[in-house]
Amino acid sequence: MAADSSLCLSSNFFTQNSRNIGKYSADTFKPVNIDSDINSVGTVHTQVDYIHCLVPDLHQITNCNYYWGVMNRYEAEKLLDNKPDGTFLLRDSAQEDFLFSVSFRRYSRSLHARVEQLNHKFSFDSHDLNVFASSSVSGLIKHYKDPSCCMFFEPMLTIPLSRNKPFSLQFICRAIVCSRVKYDGVNLLPIPKCLMEYLQYYHYKHIVRVRQF
């Protein structure tokens with residue numbers, strides 16, 4: 001386990017404000033030698049196309065007593081202070097490229113791990129094929145409730161820390177609606193734009209094509 005108190009598992013995501021299909025372009029440079037005296041730099045453009053998808057089990061997540069909603073790492077650490085190893089909670093990630101994080105006790109310390117997404121699978125390290133991945137966030141949490149499934153560097157989530165206050169009716173209604181509609185389907189609902197954006201808040205971006213030219 002690293003000395004840092006945060007278990008941060010990195011992932012690359014692309015940000016874009018478009019609601020349906022977004023495109024992200026980045027410039028990288030590849031040197032091309034013309035002769036011994038002159039160097040020319042060629043530009044390679046990378047275009048990434050992606051679609052937006054709602055979190056598939058938002059309603060189930062909202063019903064879980066260990067989900068606390070909006071909370072930063074310091075608030076989570078205060079709640080977990082002096083709790084036994086295995087105690088955990090799920091919260092909204094403070095980083096905009098990630099939806100959720102788990103805060104948990106292990107090795108008598110409070111640690112944190114971001115929930116990553118790749119190809120509609122959720123895990124604590126989306127770039128390591130040997131790390132467990134689930135089609136839902138709640139399924140990911142369930143897997144790590146079994147100590148025999150937890151490697152020494154992974155979260156151990158055996159004792160849920162129960163939320164001490166209910167969510168608002170608006171929050172609960174969003175979870176129910178999102179369990180019955182897809183991201184693009186929200187745009188077809190006869191509701192104001194501000195409500196559409198509210199319903200689409202818990203979503204992730206799925207890469208469908210990468211092109212270089």
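The structure is a predicted model, in which local features need pLDDT of at least 70 and side-chain atom pairs count only at pLDDT 80 or more, while totals for chains, interfaces and linings use all residues. Residues are numbered from 1 along each chain as its sequence is written, and side-chain values use heavy atoms, with hydrogens and water left out.

Helices (H or I, at least four residues) and strands (E, at least two) are DSSP runs, numbered from the N terminus.

Strand S5 has partners in S4 and S6. In general, strands of a sheet pair through backbone hydrogen bonds, either parallel or antiparallel; here, two strands count as paired if DSSP finds at least two bridges between them. Strand S4 (residues 87-92) pairs with S5 in the antiparallel sense over five bridges, and Arg-91 has Ser-101 as its bridge partner in S5. Strand S6 (residues 109-114) is also antiparallel to S5, over six bridges, and there Ser-101 has Arg-114 as its bridge partner. Strand S4 is itself mostly covered, with six of its six residues buried. A parallel pairing over two bridges links S4 to strand S3 (residues 67-70), where Tyr-67 has Leu-90 of S4 as its bridge partner.

What is the phi of Tyr-107? It is positive, about 55°, although Tyr-107 is not a glycine. Most residues other than glycine have a negative phi, and most peptide bonds are trans. Tyr-107 counts as partly exposed because its relative accessible area is 37%. Together with Met-151, Phe-152 and Phe-153, Tyr-107 makes a nonpolar surface patch of about 400 Å². Patches are made of residues with over 30% relative accessible area and no salt bridge, with like charges joined within 9 Å and nonpolar side chains (Val, Leu, Ile, Met, Phe, Trp, Tyr) joined within 5 Å. A salt bridge is a side-chain nitrogen of Lys or Arg within 4 Å of a carboxyl oxygen of Asp or Glu, and accessible areas come from the Shrake-Rupley method with a 1.4 Å probe, for which only the protein chains shown count as cover for residues.

A positive phi is also found at His-120, about 65°, although His-120 is not a glycine. His-120 lies in the loop between strand S7 (116-118) and strand S8 (121-123), and counts as partly exposed because its relative accessibility is 32%. Three bridges join S7 to S8, which run antiparallel, and Gln-117 stands opposite Phe-122 in S8. An open sheet is formed by three strands in the order S7-S8-S9, with antiparallel pairing. S7 and strand S9 (133-134) stand at the edges, each with a single partner strand, so one side of each is left without a neighbour in the sheet.

Turning to the helices, Asn-72 caps the N-terminal end of helix H2 (residues 73-80), with a side-chain oxygen 3.0 Å from the backbone nitrogen of Tyr-74. H2 is followed by Asn-82, whose phi is positive, near 70°. Leu-80 and Leu-161 are 81 residues apart in sequence and 8.2 Å apart in space, C-alpha to C-alpha. Leu-161 is found in the loop between strand S10 (159-160) and helix H4 (169-178), and counts as buried because its relative accessibility is 15%.

Elsewhere, Thr-46 lies in strand S2 (residues 39-54) and is buried, with a relative accessible area of 17%. The side chain of Thr-46 makes a polar contact with the side chain of Gln-212 at 3.4 Å. A polar contact is a pair of N or O atoms within 3.5 Å; within protein, one must be able to donate a hydrogen and the other to accept it, and residues adjacent in sequence count only if both atoms are side-chain atoms.

Finally, how many disulfides are there? With a disulfide taken as a pair of cysteine sulfur atoms within 2.5 Å, the count comes to zero. Cys-64 counts as buried at 14% relative accessibility, and Cys-178 counts as buried at 6%.

Definitions and conventions: Buried means under 20% relative accessible area, exposed over 50%, partly exposed in between (1.4 Å probe, protein chains only).
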